[in-house]
Amino acid sequence: MIDYRAGMPRSTRMPKGAPGTAPPAGRLARRRLETRARLVRAARELMARQGIGATSIQEITDTADVGFGSFYNHFESKEMIAEAVMDEAIESFGAAADALAETLDDPAEVIAASARHAVRHAAADAAWGWFLVRTGLAHAGGLRRGLGQRLARDVRIGVEARRFAVDDPTAAILAAGGAILAIIAARLGGDLGNDAPERAAAVVLRLLGLSAAEAREIATRRLPAITTPAADSTRPTARVSTGRRR
């Protein structure tokens, strides 16, 4: 909201508390944040259900119950709000999953636990899961941001430690990410059951060079807990439970 009083001489400005006085700056900032959060939440729900391309700005503002023109007070384009949706949807989970690297010593177990948590979270929050599938690693720079960045980091740590035997780490990362997304889609579509997280972890570990027997064993170990926020994008960043496995 523009404060038209800002350029007025001090003597002509309305006194504080006079009729027509704009709300205090703090209240304006809160309203702005609340409106932005409503737009992001609406875009997230729509884009998860029908994809970015099929979602219009008008649909977003209608769903958020926000005036069409207000959209441009927060985002320059549909692509910009899609970026915001992706960042919030993925970073909240990724921040919680990052703690796994601190509680587990085996790079293979880190990868397995991350994959299992991703599939579990997708099953619990279908909007998040479908958004991840529809954008995921196919998004520009997928390996340099979000979950793609974390997967690439953890795979490279395992390669450097000679825990993973892969000739082409970049191709292995892409294959692993694609496998996780495919299994998430299958779980959401009802083609896989409650064992989908463990199946995802085993497949990824096999792609990284582990034997079938070892991959299955690691994929079914006790899973360290992480606490991620609910689907509401206005909630704070994820909190993490980091107790070491016994």
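Reader: What percentage of the contacts in the protein chain with a separation of 6 or more is accounted for by residues 24 or more positions apart?
Author: This is a predicted model, in which local features need pLDDT of at least 70 and side-chain atom pairs count only at pLDDT 80 or more, while totals for chains, interfaces and linings use all residues. Residues are numbered from 1 along each chain as its sequence is written, and side-chain values use heavy atoms, with hydrogens and water left out. A contact means heavy atoms within 4.5 Å. Of the contacts in the protein chain with a separation of 6 or more, the part from residues 24 or more positions apart is 67%.

Reader: How many helices and how many strands does the protein chain have?
Author: Helices (H or I, at least four residues) and strands (E, at least two) are DSSP runs, numbered from the N terminus. From the N terminus on, the elements run α-α-α-α-α-α-α-α-α-α. The counts for the protein chain are 10 helices and 0 strands.

Reader: What percentage of the protein chain counts as buried?
Author: With a 1.4 Å probe and protein chains only, buried means under 20% relative accessible area, exposed means over 50%, and partly exposed lies in between. For the 246 residues of the protein chain, the buried part is 43%.

Reader: Which residues is Leu 39 in contact with, leaving aside its neighbours within four places in sequence?
Author: In soluble globular proteins, nonpolar side chains tend to be buried together. Leu 39 belongs to the largest nonpolar core. Once neighbours within four places in sequence are set aside, the contacts of Leu 39 are Ile 60, Thr 61, Ala 64, Val 66, Phe 71, His 74, Phe 75 and Ile 81.

Reader: How far apart are the end C-alpha atoms of helix α7?
Author: The expected span of a helix is 1.5 Å times one less than its number of residues. Helix α7 has 15 residues (146–160), so it should span 21 Å. In agreement with that, the distance between its end C-alpha atoms is 22 Å.

Reader: Which helices are included in what covers the buried residues of α7?
Author: The buried residues of α7 are Gly 146, Leu 147, Gly 148, Arg 150, Leu 151, Ala 152, Asp 154, Val 155 and Gly 158. Their cover includes α3 (78–97), α5 (107–124), α6 (126–134) and α8 (169–188).

Reader: By class, which residues make up the contact of α3 with α7?
Author: The axes, which are lines fitted to C-alpha atoms (for helices over the stretch in contact, with angles from 0 to 180 degrees between N-to-C directions), come within 8 Å and cross at roughly 35° for α3 and α7. Ile 90, Glu 91, Phe 93, Gly 94 and Ala 95 of α3 meet Gly 146, Leu 147 and Arg 150 of α7. Ala, Val, Leu, Ile, Met, Phe, Trp, Tyr, Cys and Pro count as nonpolar, Asp, Glu, Lys and Arg as charged, and the others, Gly among them, as polar. By class, this contact has 4 nonpolar, 2 polar and 2 charged residues.

Reader: Arg 221 and Glu 109 meet in a salt bridge; how many residues apart are they?
Author: A salt bridge is a side-chain nitrogen of Lys or Arg within 4 Å of a carboxyl oxygen of Asp or Glu. In this pair the N to O distance is 3.0 Å. Arg 221 lies in the segment after α10 (212–219) and Glu 109 in helix α5, a separation of 112 residues.

Reader: How many residues apart in sequence are the parts tied together by Arg 163 and Glu 214?
Author: The side chains of Arg 163 and Glu 214 meet in a salt bridge of 2.7 Å, N to O. Arg 163 lies in the loop between α7 and α8 and Glu 214 in helix α10, so the parts tied together are apart in sequence by 51 residues.

Reader: What is the relative accessible area of Arg 162?
Author: Arg 162 follows α7 and is found in the loop between α7 and α8. Although Arg 162 is not a glycine, its phi is positive, about 60°. Arg 162 counts as exposed because its relative accessibility is 78%.

Note on methods: A nonpolar core is a set of buried Ala, Val, Leu, Ile, Met, Phe, Trp, Tyr and Cys residues joined through side-chain atoms within 4.5 Å.
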